[in-house]
Amino acid sequence: MAPIGLGARDSLRLEAGLCLYGHDLTTETTPVSAGLLWAISKRRREEGGFPGADVIVSEIANKPAMKRVGILPEGRAPAREHTEIADMDGNIVGEVTSGGFAPSLQAPIAMGYVPLSLAAVGTDIQLMVRGKARAAKVVKMPFVEQRYYRG
Amino acid sequence: MSMKYTKDHEWVSVDGDVATVGISDYAQQQLGDVVFVEVPEVGADLGQGDELAVVESVKAASEVYAPITGEIVDVNADLEGEPSLVNEDAFGKGWFAKIKISDSAQLEELMDEDAYKSFIEGL
């Protein structure tokens, strides 16, 4: 065992594909766009009756405009929170909400929100890191296989 | 001439009219594992205090500033594939760039080894 700090916790959290409130989840995001529908019971999904139900039930039926995705930058440059995401034509379409370096993979990883049309695994996107467009791909999460202790 | 240092923990080593720049051992220890270095382009003209490079560690991205004014005449291409050189040999193989000195008087304002040592002891 060794002492760790917030940096270690944050890289483990991101490798596991877990959201950090205030970053990947905000008052602007919904459980549908964040891919957290499992957190809403089946009955609530069908009947509503909870704060935000109008928006959420409609997104379940009609698909959300944006989706939270895993992002694997090519090369070694990390893309951190608030890095702009562009499509292959250079249009800014979204933003990185968590990003850093994954010690387990020895590579940079990120997550962020992109339009539904760019959310499929394998989609090529670009990350605007300090004014330079860098190639990246939408990938599935978790980035590192979960091995949670389940007792 | 021996090394000179800035308050932002850059070091400068002068050979003729060219200064090699890197970050100090203290700086690399504070940063932790360096995972990426964005070096400037050869030919870039930098003023003293301009952004010279960006060092990314697991924890954060940090700017490295030009300790003196001048033109970038060489950059350390090895850092692209092996950014950990900054951790392993901050004062040697982990150098960032070489600057053609345009005003040698700027070097006089920098700290010498002893001054830098007492500077970091006071942090």
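Predicted model: local features only at pLDDT ≥ 70, side-chain atom pairs only at ≥ 80, totals over all residues.

Trainee: Okay, how many helices and strands does chain B have?
Mentor: Chain B has five helices and nine strands. Following the sequence, their order is β-β-β-α-β-β-β-β-β-α-α-β-α-α.

Trainee: And why is chain B called as compact as a globular protein of that length?
Mentor: Because its radius of gyration is 13 Å, close to the 14 Å that the globule rule gives for 123 residues. The C-alpha trace spans about 35 × 35 × 20 Å along its principal axes.

Trainee: What share of chain B is buried?
Mentor: Buried residues are 38% of the 123 in chain B.

Trainee: Switching to strands: which way do β3 and β9 of chain B run?
Mentor: They run antiparallel, and four bridges join them. In one of these, B:Thr20 has B:Lys98 of β9(B) as its partner.

Trainee: What about β8 of chain B and β9(B), how many bridges there?
Mentor: Five, again with an antiparallel pairing. B:Glu71 stands opposite B:Lys100 in β9(B).

Trainee: New topic! Which residues touch the most other members in the largest nonpolar core?
Mentor: B:Val37, B:Phe96 and B:Ala97 do, in a core of 53 residues. The element giving the most to this core is strand β4 (residues 107-115) of chain A, with five residues.

Trainee: And what does B:Val37 touch?
Mentor: Leaving out residues up to four places away in sequence, B:Val37 touches B:Ala53, B:Val55, B:Leu79, B:Pro83, B:Val86 and B:Phe96.

Definitions and conventions
Residues numbered from 1 in each chain as written. Chains lettered and ligands numbered in written order. Core = buried A, V, L, I, M, F, W, Y, C linked by C-beta atoms within 7 Å. Buried ≥ 20, exposed ≤ 12 C-beta atoms within 10 Å, placed from the backbone. Helix = DSSP H or I, 4+ residues; strand = E, 2+ residues; numbered from the N terminus. Contact = placed C-beta atoms within 7 Å. Pairing = 2+ DSSP bridges. Rg over C-alpha atoms; globule rule 2.2 N^0.38 Å.
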